[in-house]
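Colleague: I am new to this structure. Please walk me through the terms as we go.

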Amino acid sequence: MITEEYIFVDSLLKNKAEALSFLAKESKRQGDATNVSEVEAAFILREEQGSTGMMDGFAIPHAKSSVIRRPFISVIKLREAIDWDSLDGQKIHTIIAMFIPENEAGTTHLTILSQVARMLMKEEFKKAIQAATSKTAVLQAMNQYLEGN
């Protein structure tokens, strides 16, 4: 579901739009989506329904599209926090993005979203992600908590 290729540490992105564009381009570059514009549009459509900026500096954008080949997660740790219209008004420093094929929108999507939401309620997880300075450390934290430990 998540690999080091989709983990980006110390990224310099200026705003939400740039972050969503970066995520869409990476999904195509790595062969897990067939069309950058459609993935980016799926992210934007979801943001228009309500901000995915959560609490404590985390955002969980998600794209559902027929151009996404498999479900996966990408994590971006930002060098400088950005505005995201978060629930608590804080800037975002960590983006946990979900990519879902359209035919798995009601199943895989809801499972992953609920797992990530539960992770974000755990102080230990948030601290582990915030302290992680390498792709490996981020991957270990994500895998530990995605497995429900």
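Modeller: Start with accessibility. Buried means under 20% relative accessible area, exposed means over 50%, and partly exposed is in between, with a 1.4 Å probe and protein chains only. Helices (H or I, at least four residues) and strands (E, at least two) are DSSP runs, numbered from the N terminus. This is a predicted model, where local features need pLDDT of at least 70, side-chain atom pairs count only at pLDDT 80 or more, and totals for chains, interfaces and linings use all residues. Residues are numbered from 1 along each chain as its sequence is written, and side-chain values use heavy atoms, with hydrogens and water left out.

Colleague: Which residues are exposed on the face of α4 turned away from its buried side?

Modeller: Lys127 and Ala131. The buried residues of α4, which spans residues 123-131, are Phe125, Lys126 and Ile129.

Colleague: How do you know that the buried residues of α4 line one face of the helix?

Modeller: Look down the axis of α4. The buried residues fall within an arc of 95°, so they line one face. The arc is that of the directions from the helix axis to the C-beta atoms. An α-helix has 3.6 residues a turn, so residues three or four places apart point the same way.

Colleague: What do the buried residues of α4 pack against?

Modeller: They pack against β2 (58-59), β4 (72-82), β5 (92-101), α3 (108-119) and α5 (135-146). Contact here means heavy atoms within 4.5 Å.

Colleague: How many aromatic pairs does the structure hold?

Modeller: Seven. Rings of Phe, Tyr and Trp (its six-membered ring) pair if their centres lie within 6.5 Å; planes under 30 degrees apart count as stacked, over 60 as edge-to-face and the rest as tilted.

Colleague: Why is the pair of Phe43 and Phe99 called edge-to-face?

Modeller: The ring centres of Phe43 and Phe99 are 5.3 Å apart and the planes stand at 85°, so the pair is edge-to-face. The pair links distant parts of the chain. Phe43 is in helix α2 (residues 36-49) and Phe99 in strand β5, 56 residues apart.

Colleague: What makes Phe72 and Phe99 a stacked pair?

Modeller: The angle between their planes is 10°, and the centres are 4.2 Å apart. Phe72, in strand β4, is 27 residues from Phe99 in strand β5. Ring pairs link Tyr6, Phe43, Phe72 and Phe99 into a cluster.

Colleague: Why does Phe43 count as buried?

Modeller: Its relative accessibility is 1%, so Phe43 counts as buried. Phe99 is buried at 0%. Phe72 is buried at 0%.

Colleague: Is Ile44 buried, partly exposed or exposed?

Modeller: Ile44 sits in helix α2. At 38% relative accessibility, Ile44 counts as partly exposed.

Colleague: Which residues have the most contacts inside the largest nonpolar core?

Modeller: Leu23, Val39, Phe43, Trp84, Ile95 and Phe99, in a core of 24 residues. A nonpolar core is a set of buried Ala, Val, Leu, Ile, Met, Phe, Trp, Tyr and Cys residues joined through side-chain atoms within 4.5 Å. Helices α1 (16-29) and α2 and strands β4 and β5 each supply at least two residues of this core. Another core, of 22 residues, lies apart from it, with Ile73, Phe125, Ile129 and Tyr145 among them.

Colleague: Why is Ser65 called buried?

Modeller: Ser65, in strand β3 (residues 62-65), has a relative accessible area of 6%, so Ser65 is buried. Leaving out residues up to four places away in sequence, Ser65 touches Glu38, Ala42, Ile100, Pro101 and Glu102.
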